[in-house]
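I opened my notebook to look through one structure and jot down what I found.

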Amino acid sequence: MADDMDTFNPFEKEDDGEEGEAVLPDSPAGADKTVHSVDLDSSTLDQSAAFLESFKMGGYDEMTQVKDLHVTVDDPEKHVGGYVSYNVTTKTTRGQFDHPEYSVRRRYQDFLWLRQRLEESYPTHIVPPLPEKKSFSKHFDRFSTEFLRSRQIALNKFVSRIADHPVMSFNDNFHVFLTAKTWELTSVKKQSPGLMSRMSDSMRNMASSWMLKNREPEFQEMAEYIKTFREKMLVLETISDKIAKDRFDLLEVYTEYIPIFNLWADAESKLVDPLHAMANAFDKNSSSLKTLLKAQDPRFMEPLHEYVLYTDAIKSTLKHRDTIQMEYEVTLEELSRKKAEKEELDKGTGGGRWFGKDTEQSRQDRRERVDSNIEELSKLAESGSDRLECANVDLKADIERWHKNKITDFRELLTEYSERHANYYKECLAAWQEALKIVSGGKQDQEQDVEDV
């Protein structure tokens with residue numbers, strides 16, 4: 001579809017860029033830099049709605065409780081160096097913070113670092129997804145105003161979900177992300193585990209999914225639901241994308257129709273008003289369709305795709321949980337084997353042999369080693385049981401929170417989608433009704449002229 005849009009794009013495009021500096025509230029750091037502020041929307045109401053969105057987007061069902069941490073992402077800026085940064089504003093009453101308010105600028109890679117650290121710190125929690133590095137949209141160029149608006153909304157939703165999480169919101173890396181100056185954040189990021197460490201964890205999780213014998217029914221149902229849900233989201237994406245492509249094609253046809261009717265009117269003195277009315281109707285339809293399409297990606301496709309990415313995050317957490325169960329089961333099997341070996345020793349049927357004969361000393365040495373192994377494995381089994389129970393509790397709590405957020409998000413998403421389309425068709429209907437009055441009136445005038453002749 002990207003090829004289709006190369007020949008026609010009704011929206012403005014911005015220059016490319018990315019990257020950013022952290023700026024504290026009273027810091028002069030940002031004053032020395034020449035930046036180009038991206039005006040995402042001229043409406044002051046839209047600009048001030050970010051904090052209101054943070055109340056709706058992130059939370060588990062705790063809106064009736066007093067929130068002590070509010071985080072907002074807004075004001076993308078294109079810097080002369082060729083990068084984009086976003087303003088991250090924090091307002092809090094938590095004692096964990098030295099000040100009640102912070103304002104820093106963060107690049108996309110800083111958000112990515114935060115998410116990686118949260119995954120490492122909380123492998124059994126569902127870490128909210130980030131928007132992808134490259135634009136998911138096929139209709140707007142990367143770093144266009146529409147893309148930046150879509151990216152800002154997605155990043156705001158990400159930090160809002162983290163801020164509303166009862167565990168992850170207290171993470172030290174999140175605290176650093178919200179408060180640190182640029183050089184401080186850079187220093188902390190250098191201490192992050194390397195790529196090989198993350199690859200090792202990934203390989204362990206893959207192995208656990210192959211080796212796990214019996215996943216608990218509750219989590220098996222969860223995995224099947226996520227698989228089915230992902231398939232539905234992908235189908236919705238495909239259909240919505242096809243509808244958008246058809247509408248872009250229709251928009252291009254409208255732009256061809258308008259001048260045709262206007263030029264025709266210049267050559268037909270008796271049809272001037274009806275033909276101009278048709279041109280105006282197509283022009284109004286075109287304008288309404290542009291408005292509808294501008295909202296398609298940031299207000300529908302991107303939120304839809306976020307839930308596709310969410311299924312990946314949930315599957316990753318399930319794999320971590322399966323790894324813990326697999327390790328626990330392996331420990332239990334080894335413990336059972338050692339206990340059986342001890343029983344054989346106690347019966348005199350096990351132990352070492354010296355020239356084909358058992359020796360009391362060899363059996364005693366073997367018994368001591370087995371006892372030591374059993375003691376160690378018993379501790380590991382107890383620890384593994386606790387870890388598995390914690391993992392189950394973490395995952396079930398997060399999946400419940402995810403379901404609640406999903407219901408709220410999709411109600412809002414589908415409500416906005418329906419309202420946009422209702423307004424679009426109302427505007428189109430009004431345009432054609434206005435044209436119909438003029439065309440019908442012109443027809444009556446023409447009949448009167450014929451009668452006069």
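Before anything else, I needed to know what counts as a helix: a DSSP run of H or I with at least four residues, numbered from the N terminus. I also noted that this is a predicted model.

Entry 1: I looked up Y257 and found it in helix α9, which covers residues 217–267. Is Y257 buried or exposed, or something in between? Its relative accessible area is 37%, so I wrote it down as partly exposed, since that label sits between under 20% for buried and over 50% for exposed.

**Entry 2: helix α5.** Next I checked α5, residues 145–163. It has 19 residues and reaches 27 Å from its first C-alpha to its last, close to the 27 Å expected. How many of its residues are buried? I got 18 of 19, so α5 is mostly covered.

Entry 3: The largest nonpolar core here has 31 residues, and V71, V88, F111, F174, F177 and L178 have the most contacts inside it. Elements giving it two or more residues include β2, β3, β4 and α4. α5 gives the most, with 7 residues.

I then picked F177 and left aside its neighbours within four places in sequence. Its contacts include V88, F111, W113 and V159. There is also a second, separate core of 21 residues, with F229, A313, I314 and L318 among them.

Note on methods:
Residues numbered from 1 in each chain as written. Predicted model: local features only at pLDDT ≥ 70, side-chain atom pairs only at ≥ 80, totals over all residues. Heavy atoms only, no water. Expected span 1.5 Å × (residues − 1). Buried < 20%, exposed > 50% of the residue type's maximum accessible area, 1.4 Å probe, protein only. Core = buried A, V, L, I, M, F, W, Y, C linked by side-chain atoms within 4.5 Å. Contact = heavy atoms within 4.5 Å.
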